[in-house]
Amino acid sequence: MYRSGMVYKYMIDHKYCWYALKTSYQAEMKCIDFLTDNGIKCFTPWEYSFRKWTDRIKRIEVPRFSQYIFAEISCVELPIINQCKPHVSIVKRGSRPDPIPSQVVCGLQSISNESGLYQFQDIPVREGHQVLIIDGPFIGQMADLHGLNGSKKAVVRIGNAGLSISIPIRMVERCKSIRYED
């Protein structure tokens, strides 16, 4: 049985879905190279950052979601994922793998590295309002409002992967109030 035997049980059909995969710190590019070499479609959004050393300042490319990559897989690819070094695991809700809607993946792929509209946050969302995103690459997606980042940005969580983004407040519309139970 594979390391992810429970995951295999829930992915028994050969349907391809997008999943978030968690990897080791600073190993996103190695994992993407291994998976694409083995025929798996995967990506991670990147952004540019400036790092300062004692003798220079350098512009480098860093992942927007540290330790996460996104891959389109079915149960057929599980043995390949288990062979990946460094180790990769599928993000699950309980014991079930949690697929990511295609529209969210398209939104992640379409965000420009240079656009200042989206600022990604790694903030856990616990309570707030449910909102509908009415503009931009995530249009039509329901999200949980985490809070306000200044007077012009709303921090929202899209999907179940626990990743939050900060978007212009004009791009969200309140639906109803919800409470999370701990």
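Which residues of helix 2 (residues 28-37) are buried?

## Helix 2

In this predicted model, the buried residues of helix 2 are E28, C31, I32 and L35. Viewed down the helix axis, these buried residues fall within an arc of 100°, so they line one face of helix 2.

K30 and D37 lie on the other side of helix 2, where both are exposed. Just after helix 2 comes G39, which takes a positive phi of about 85°.

## Aromatic pairs and cluster

The model has 3 aromatic pairs. One of them joins W18 and F43: the ring centres are 5.7 Å apart and the planes stand at 75°; an angle over 60 degrees counts as edge-to-face, so the W18 and F43 pair, at 75°, is edge-to-face.

W18 belongs to strand 1 (residues 17-23) and F43 to strand 2 (residues 41-43), so their contact ties together parts that are 25 residues apart in sequence. Both residues of this pair, W18 and F43, are buried. W18 and F43 also form one aromatic cluster with F65 and F70.

## A charge over a ring

Another ring, that of W53, has a charged group over it. The group is the charged end of R56, which sits 4.8 Å from the centre of the W53 ring.

## Summary

Helix 2 has one face lined by its buried residues, with K30 and D37 exposed on the other side.

Terms used. Residues are numbered from 1 along each chain as its sequence is written. This is a predicted model: local features need pLDDT of at least 70, side-chain atom pairs count only at pLDDT 80 or more; totals for chains, interfaces and linings use all residues. Side-chain values use heavy atoms; hydrogens and water are left out. Rings of Phe, Tyr and Trp (its six-membered ring) pair if their centres lie within 6.5 Å; planes under 30 degrees apart count as stacked, over 60 as edge-to-face and the rest as tilted. Helices (H or I, at least four residues) and strands (E, at least two) are DSSP runs, numbered from the N terminus. Buried means under 20% relative accessible area, exposed over 50%, partly exposed in between (1.4 Å probe, protein chains only). A charge sits over a ring if NZ of Lys or CZ of Arg is within 6 Å of the ring centre and within 35 degrees of the ring normal. The arc is that of the directions from the helix axis to the C-beta atoms.
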